[in-house]
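Student: Please take one part of this model, its nonpolar surface, and go through it closely for me. I would like the rest of the chain brought in only as background, with the cut-offs stated as you go.

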Amino acid sequence: MKNIRLFFISLFLSVAASAVAGPPTFEAQPSPTPADENHRELFDYELDYTGSSNFFDVNGNFGHGDSLYNDFSYAHRFLITGKWYFRAGVEYERFDFGGTDNGLPDHLQTVHALLAVEYVVHDHAGAGIEIDPGPYFQNNITGDSIDIPWKVFVSFPLKKDKIFGVIGLGGSLYQNPIVAPGGGLIWLFTDKFRLEGVFPKPALVYNLTDDWEFRILGNLFYESYRTDDVITPERKLQVHNAIVQYSEDRVGVLAKYSGFKPFNIKLGGGCTVKRDFDFFRAEASAKTRPAPYVQVEIEARF
């Protein structure tokens with residue numbers, strides 16, 4: 001799903017499209033006020049673990065490695081007018097890496113603001129603009145670790161109550177390329193079965209009941225960080241204060257249970273096809289072979 005933070009762009013795009021393409025059961029209900037249909041307090045915690053696998057290295061110098069991802073976010077929506085909201089919050093993300101001591105970063109992290117103006121329908125953003133300013137770093141927060149990722153997006157119907165399009169644009173100072181487009185299609189086959197064909201998180205989705213949802217999905221995650229000293233056995237990968245664009249490309253399944261209001265509980269697993277430490281400015285990278293992953297996520301909306 002790219003060489004950039006297109007993950008974030010398209011993730012919001014897919015959410016936006018599904019908002020506009022909300023299940024018909026919503027439309028059958030009396031039209032609520034914005035305060036009734038759109039939650040104001042938004043919490044999310046996610047933990048992903050990818051098992052150990054070898055690096056693509058013919059000399060065996062990089063050995064093997066695994067990864068652990070933790071993400072916590074909180075945001076509050078402030079009503080502007082009608083269905084327009086200002087959303088403000090904070091997010092902390094961290095990758096921890098184990099395995100062979102090969103000089104690559106043993107962790108990468110960011111704590112950044114979430115600032116957005118959105119048009120919200122059925123608790124999802126159908127259009128908006130967002131910036132996520134903050135440090136994206138390894139150990140030390142410095143002036144040149146500050147980045148300002150941004151994205152704009154909009155969703156619209158292509159075939160009434162059936163097919164929806166999504167377009168968007170996003171970028172940041174340290175992604176590669178600096179600016180990139182996003183978009184895709186949402187196709188409602190039936191009331192319970194749909195295709196969310198929006199990269200970087202495409203999925204086939206089946207709603208068994210109001211409380212159970214199942215997905216066959218892909219997930220291409222890319223994010224850039226300022227590193228400290230990276231001294232590896234590879235001569236080209238001996239850099240200082242460099243930018244690394246770290247990515248994890250996955251395929252898997254995910255089950256969501258929403259019967260414990262206001263919580264949504266998600267459990268998933270599959271294969272992380274590739275992990276990549278891409279020091280694109282130094283024209284050097286280190287990639288791993290496939291490995292299994294597991295995911296646990298808890299959302300709460302009030």
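Tutor: Helices (H or I, at least four residues) and strands (E, at least two) are DSSP runs, numbered from the N terminus, and by this reading the chain has three helices and 19 strands. The model is predicted, so that local features need pLDDT of at least 70 and side-chain atom pairs count only at pLDDT 80 or more, whereas totals for chains, interfaces and linings use all residues. Residues are numbered from 1 along each chain as its sequence is written, and side-chain values use heavy atoms, with hydrogens and water left out.

The accessible surface of the chain comes to about 13,900 Å², and 63% of it belongs to carbon and sulfur atoms; such areas come from the Shrake-Rupley method with a 1.4 Å probe, and for residues only the protein chains shown count as cover. On this surface, a nonpolar patch of about 980 Å² is formed by Phe-78, Ile-80, Trp-84, Phe-86, Leu-115, Val-117, Tyr-119, Ile-129, Ile-131, Ile-141, Ile-146 and Ile-148. Two or more of these residues come from each of strand E2 (64-81), strand E3 (84-99), strand E4 (107-121) and strand E5 (124-131), and E4 gives the largest share, three residues.

In soluble globular proteins, nonpolar side chains tend to be buried together. The largest nonpolar core here has 20 residues, and among those touching the most other members are Phe-95, Leu-104 and Tyr-225; a nonpolar core is a set of buried Ala, Val, Leu, Ile, Met, Phe, Trp, Tyr and Cys residues joined through side-chain atoms within 4.5 Å. E3, which gives two or more residues to the patch, also supplies at least two residues of this core.

Notes
Patch = residues over 30% accessible without salt bridge, like charges linked within 9 Å, V, L, I, M, F, W, Y side chains within 5 Å. Salt bridge = Lys/Arg side-chain N within 4 Å of Asp/Glu carboxyl O. Buried < 20%, exposed > 50% of the residue type's maximum accessible area, 1.4 Å probe, protein only.
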